[in-house]
Amino acid sequence: MGVLQRFERRLESLVQGAFTRTFQYEVQPVEIAAAIQREIDNNAQIVSRDRSLVPNDFVVELGTADYDRMAAYTGTLTTQLVELAREHADLQHYAFTGPVGVTFERHEDVGTGDFRIRSSVRAGVDRGGSYDPSATAEQQAAAYLIINGTQHPVVAPGIVLGRGSECDIRIDDPGVSRRHLEIRVYQQGAQVQLVAVDLESTNGSIIDGARVPQAQVSDGSRIELGSTVVDVRRHGAGR
């Protein structure tokens, strides 16, 4: 039994025919599943002899009528589409750089019965074992880095970002070097200055639109490492 057939069987057992009744003449879940498979195949990038990276973040754009009809089932459908993407990747020996995600969006320019798929590679991000700032340090952080929806405090004297396990913030992106970039904190009295320094990375760092070896950053600055975007905020969420 193929991946798509298993997907249909799981949906049927979970919703007991509700999808068939709801979408008899509209977008079919199996069509979305097949489109995600194609999106994965069409965007596979060979990075080594035995490793191909594929998108792991998918957005399904639906017309208003289809989006509203599907609203009651998006939780179940999302779970099954994520499972389908993982199964397909395993069979094809593809690799994801981070967790697989599927979301649905309403788009007025999409007609009933039609849909579009957007995909992107979102690197997995976590903190190194030695980087464990206290709650007080997090509250008093000089700034915060927002990376793929996760927030990380920048504490003095600074933090290192890269793919290696020794980094404070680990980013599983093939375009990121093992030690790629350091955010250094300089404090003079009440004044705090942040400087982003490229650590002689292979692909370089783009800081506020310019590929430079180092630059001062502030609230709203954007840093690009490989395919990963790092946003700088002087105040964290909820502050």
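Okay, ground rules before we start. It's a predicted model, so local features need pLDDT of at least 70 and side-chain atom pairs count only at pLDDT 80 or more, while totals for chains, interfaces and linings use all residues. Residues are numbered from 1 along each chain as its sequence is written, and side-chain values use heavy atoms, with hydrogens and water left out.

Let's zoom out. The domain assignment gives us domain 1 at 3–120 and domain 2 at 134–234; those bounds come from an automatic or database assignment. Between the C-alpha centres of domain 1 and domain 2 there's 33 Å.

For secondary structure, we've got six helices and 18 strands. Those are DSSP runs numbered from the N terminus: helices are H or I with at least four residues, strands are E with at least two.

So how much of the chain is buried? That's 45% of the 239 residues, where buried means under 20% relative accessible area, exposed over 50%, and partly exposed in between, with a 1.4 Å probe and protein chains only. The chain exposes about 12,600 Å², and carbon and sulfur atoms supply 44% of that; the areas are Shrake-Rupley, with a 1.4 Å probe.

On contacts, meaning heavy atoms within 4.5 Å: take pairs at least 6 apart in sequence, and 59% of those contacts join residues at least 24 apart.

Charges next. There are 24 positive and 32 negative ones, and their mean positions are 3 Å apart. Lys and Arg are the positives, Asp and Glu the negatives, with His and the chain ends not counted; each charge sits at NZ of Lys, CZ of Arg, CG of Asp or CD of Glu.

Now the backbone bits. Most residues other than glycine have a negative phi, and most peptide bonds are trans. Where do we find a cis one? Going from Ala-156 to Pro-157, with omega near 5 degrees. Pro-157 is in the loop between strand E9 (150–154) and strand E10 (158–162).

Step back one loop, between strand E8 (143–147) and E9, and there's Asn-148. Its phi is positive, about 50 degrees, though it's not a glycine, and at 23% relative accessibility Asn-148 is partly exposed.

Last one: Asp-208, also not a glycine, has a positive phi near 50 degrees. You'll find Asp-208 in the loop between strand E14 (206–207) and strand E15 (210–211), partly exposed at 45%.
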